Amino acid sequence: MDDLGEGIEGQPETLAIEDAVKVLLQGLGEDINREGIKKTPFRVAKALREATKGYKQKVKDIVEGALFPEAGLDATVGNAGGAGGLVVVRDLDLFSYCESCLLPFQFKCHVGYIPSGHRVVGLSKLSRVADVFAKRLQDPQRLADEVCSALHRWIEPAGVAVVLECWHPSLESFLPDSNRKGGWSRVFVRSGSGVFDNVEGESWNDFLSLLKLKTENSTSSWSWSRSCASLKVSSINGQLLDSRMVAAVDSILRCLGEDPVREELVGTPVRFVKWLMNFRNTGLEMKLNGFVYGRGVDSLKANNKEEQLQTEVNLSFWSQCEHHLLPFYGVVHIGYFGFNRVPKSLLRSIVHFYGFKLQVQERLTRQIAEVVSSLVGGDVMVVVEAAHTCMISRGIEKFGSSTATIAVLGRFSADPGARAMFVQSLPNSSIELGPS
Ligand SMILES: [Zn+2]
Ligand SMILES: [Zn+2]
């Protein structure tokens with residue numbers, strides 16, 4: 001692998017991106033010397049540079065030397081091997097960065113080609129070639145087209161077929177008034193050359209029948225542009241964006257080797273800053289609007305009733321990882337002992353308040369527990385389940401992995417039985433983790 005490796009530290013492009021990220025952090029109202037985010041500019045620069053290293057890679061270098069002759073069947077008998085037989089590599093797990101919003105997205109790549117001239121290519125090279133184009137700022141259809149035409153050019157087969165199943169973080173789905181569940185938009189694209197030019201042709205039928213696509217209806221109703229367009233998130237509209245932040249994103253694009261005036265990138269800095277501004281540090285404390293929890297009051301107490309375990313599960317949230325400046329999302333489950341229930345709307349706004357800022361999941365969990373504790377008198381347990389897009393961009397994401405964090409206060413910390421009772425009440429797999 002031609003990784004950028006350690007070498008990227010201190011390089012001019014890296015330093016310039018770090019400076020731009022500092023501008024973004026300051027624009028969010030953050031102190032760039034705060035311990036938690038001190039290293040964020042470097043982490044962001046490193047992730048972005050690694051995710052765009054494909055600009056410097058050449059398909060020729062990968063494919064050349066990996067082509068070998070394979071006799072194949074005599075054409076009068078049938079098709080196989082180096083002549084006319086379909087070769088398929090499926091389920092390559094890769095990721096790329098969306099050029100329209102600068103968030104990482106995951107995809108499964110399926111490649112098929114039909115050799116010609118007794119010429120075949122080492123199978124591992126198909127994945128390498130796909131990754132060259134994935135490691136650029138991309139759009140799914142262009143990515144599929146570029147992989148397809150590069151393979152066609154360098155292998156010179158009878159035809160190439162590329163299918164991508166992409167999962168883009170669906171930013172809309174976790175906004176307060178959204179009805180959508182789950183954090184991903186799924187997009188399905190394909191590209192073909194040579195005998196795969198005709199999408200209705202039998203070559204495509206052969207290829208698709210070999211892919212175990214989980215697609216009864218293989219096109220998603222959620223178009224790519226729509227999931228990014230949702231970045232025009234409510235609260236920011238009508239407000240002037242900080243032009244220094246927009247210029248900073250512009251300079252990041254330049255440092256990555258991109259041309260910020262390329263048509264598809266023109267709106268990207270504004271979209272990215274709009275999204276980011278959802279997480280600005282308002283410096284406000286959570287206001288509880290005078291809510292007084294009727295703990296232990298009158299009539300109930302008179303009945304000598306025992307406090308009940310109350311639960312509120314699956315409160316969804318979006319947050320922004322302060323280490324990598326990328327979103328994480330998921331659900332919060334809250335358990336507490338009390339006679340009465342805290343209104344769901346109040347718990348939801350607590351989750352929302354602590355979610356929409358630069359965060360780490362552990363702190364989010366603790367902060368929610370503390371504020372709920374102040375409402376209900378101390379016996380609180382909070383479980384946060386989340387998926388982190390920064391795991392994708394660091395290449396350590398296994399499709400569908402998630403993290404859980406737990407905070408226990410009061411009776412919950414002393415009593416395993418109470419914890420067990422709450423955990424048993426939790427729904428199974430409550431977040432849609434995207435591809436699995
Ligand atoms: Zn996007
Ligand atoms: Zn992170």
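The legends below describe close-up views of a predicted model. Residues are numbered from 1 along each chain as its sequence is written, and chains are lettered from A and ligands numbered from 1 in the order in which they are written. Because the model is predicted, local features need pLDDT of at least 70 and side-chain atom pairs count only at pLDDT 80 or more, while totals for chains, interfaces and linings use all residues.

View 1. The strands stand in the order S5-S2-S3-S6-S7, with mixed pairing; helices (H or I, at least four residues) and strands (E, at least two) are DSSP runs numbered from the N terminus, and two strands pair if DSSP finds at least two bridges between them. S5 and S7 lie at the edges with a single partner strand each, so one side of each has no neighbour in the sheet. S2 and S5 are parallel and share 2 bridges, with Tyr97 opposite Leu137 in S5.

View 2. Pairing with S3 is antiparallel over 9 bridges, and His110 stands opposite Val163 in S6. On S7 (residues 184–194) there are 11 bridges to S6, again antiparallel, and Gly159 faces Gly194 there.

View 3. In H4 (residues 124–134), 8 of the 11 residues are buried, namely Lys125, Leu126, Val129, Ala130, Asp131, Val132, Phe133 and Ala134. Their cover includes helix H3 (59–63), strand S4 (119–121) and helix H5 (140–155), as well as strands S2, S3 and S5, where contact requires C-beta atoms, placed from the backbone, within 7 Å.

**View 4. The packing of helices H11 and H12.** H11 (residues 344–355) and H12 (residues 361–376) pack at an angle of about 140 degrees with their axes 10 Å apart; axes are lines fitted to C-alpha atoms, for helices over the stretch in contact, and angles run from 0 to 180 degrees between N-to-C directions. The contact involves Ile350, Val351, Tyr354 and Gly355 of H11 together with Leu364, Gln367, Ile368, Val371 and Val372 of H12.

Key: A residue is buried if 20 or more other C-beta atoms lie within 10 Å of its own, exposed if 12 or fewer, and partly exposed in between; C-beta atoms are placed from the backbone. Two residues are in contact if their C-beta atoms, placed from the backbone, lie within 7 Å.
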